[in-house]
Amino acid sequence: MASSNTGWVWHERYGWYDTGRFAGLVPPGGWGEPDVHMENGETKRRLASLVSASGLIHELTPIRPRQATDEEILTAHTADYLAYLEEQNAHPRGGIADRGIGRTVFSHGDLDIARLAAGGVIEAGLAVARREVDNAYALTRPPGHHALPDTGLGFCVFGNIAIAIHAIRAATSLTRFAVVDWDVHHGNGTQAMFWDDPDVLSISVHQDQLFPDAQGLVDERGGPAAEGMNLNIPLPPGSARGAYQQAFEQIVLPALDAYAPEMVIVACGFDSGTYDPHGRMMLGSDDFRWMTAQLKQFAVDRSDGRLLVVHEGGYSAWYVPFCGLAVVEELSGVRTDIVDTFMPRLAANPTTRLQPHQQEHIDRAAEGLRLLK
Ligand SMILES: [Zn+2]
């Protein structure tokens with residue numbers, strides 16, 4: 001494992017972004033007794049804590065986040081949406097980013113933290129693009145991959161990765177990007193924002209039709225100017241190491257090879273982890289480590305090393321830290337002595353091997369590759 005100069009973005013305020021009382025996924029009320037919102041600060045704060053406690057933090061290069069400007073946000077979102085968010089943000093009890101749906105909520109003044117998330121991804125992206133660091137992990141919150149140009153969605157306020165791509169294009173000579181999204185949910189926001197952009201290859205590996213409803217299907221392949229530049233790999237619930245490795249070897253890596261981006265960006269959700277309360281996939285920390293290693297090697301071979309990993313979902317407060325630590329270890333090439341005590345049990349489970357019905361899903365998704373070659 002070659003050692004690298006790895007950038008690290010975290011800010012205590014990411015943990016303070018307040019989604020309030022919820023019955024997990026749904027607003028409180030009726031018979032759902034109020035508890036925490038599924039997207040609360042604990043998973044991310046505990047990952048930051050483990051990176052510190054393990055000592056790995058001392059091997060990383062801190063990158064200071066800042067708030068994204070209106071101008072930067074408007075490269076990916078409409079002015080109407082930004083004005084709506086400002087109005088929601090002014091309410092004394094906070095607001096709603098997903099308009100009438102009401103699940104992407106934030107407290108009074110938290111829009112500053114959403115701007116800090118987008119700005120953190122921009123700064124990490126610029127540091128990678130300019131080769132000031134070899135690669136970077138942006139542990140930002142709120143997440144971004146569901147946000148659409150004119151609305152927030154699925155706990156996401158701003159399309160952090162999309163905004164960063166536009167900022168990198170404006171500030172550097174880089175134009176060609178690939179986004180690999182392994183969050184358990186479909187990366188619909190990234191897909192929508194680059195639907196007709198021939199210079200962004202968008203790949204999403206996700207649980208088939210988990211969220212958003214009836215989206216993320218294999219035949220969504222990009223607009224007329226970018227046909228083939230959107231690759232969806234919907235996998236059945238229960239997919240584990242075997243299915244993800246096959247999806248990488250049969251589709252993700254060949255697609256990257258065919259397209260040869262100048263920079264690879266990962267939408268890194270750990271809700272495809274086996275203990276997630278929302279997803280129904282079965283990945284362990286070693287699997288996130290393996291996927292990171294594949295993309296790091298690809299980036300070193302083909303993209304001048306440029307790899308940016310951006311935190312998205314993941315809702316198991318006690319397992320996300322192990323998964324995140326494994327990714328950051330792999331990026332930096334520094335192995336701590338922390339042991340994921342959950343991993344041996346998962347590795348011994350025979351159902352983590354590739355199953356025939358999973359292979360059928362992968363074969364269908366692989367048909368999209370022919371448009372790239
Ligand atoms: Zn997710």
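Where is the place of Asp337? Select Asp337 and you land in the loop between H10 and helix H11 (343-347). Helices here are DSSP runs of H or I with at least four residues, strands are runs of E with at least two, and both are numbered from the N terminus.

Before moving on, note that this is a predicted model, where local features need pLDDT of at least 70 and side-chain atom pairs count only at pLDDT 80 or more, while totals for chains, interfaces and linings use all residues. Residues are numbered from 1 along each chain as its sequence is written, and side-chain values use heavy atoms, with hydrogens and water left out.

Stay on Asp337: it counts as exposed because its relative accessibility is 71% (exposed is over 50%, buried under 20%, partly exposed in between, with a 1.4 Å probe and protein chains only).

Eight strands make an open, parallel sheet, in the order S4-S1-S7-S12-S11-S8-S9-S10; two strands pair if DSSP finds at least two bridges between them. At the edges, pairing on one side only, are strand S4 (61-62) and strand S10 (230-235).

Zoom in on S7 (residues 135-138) and S12 (residues 307-311), parallel neighbours joined by four bridges. Pick Ala138 and you'll find Val310 of S12 opposite.

Now for the helices. Helix H10 (residues 320-332) lies across strand S1 (6-9), S7 and S12, at about 160° to S7. Axes are lines fitted to C-alpha atoms, for helices over the stretch in contact (heavy atoms within 4.5 Å), and angles run from 0 to 180 degrees between N-to-C directions.

Finish with the pockets. A pocket is an open set of points on a 1 Å grid over the protein atoms alone, where a 1.4 Å probe fits and protein lies on both sides within 12 Å along at least five of seven lines; lining residues have an atom within 4 Å of a point.

The largest pocket has a volume of about 320 Å³, the space filled by probe spheres set on the points. Its lining has 24 residues, and Leu25, Gly154, Phe155, Phe211 and His278 are the closest to its centre.

Select Thr19, Gly20, Arg93, Phe106 and Ser107, the closest to its centre among 14 lining residues. Strands S2 (21-22), S5 (95-96) and S6 (105-106) each supply at least two residues of this lining.
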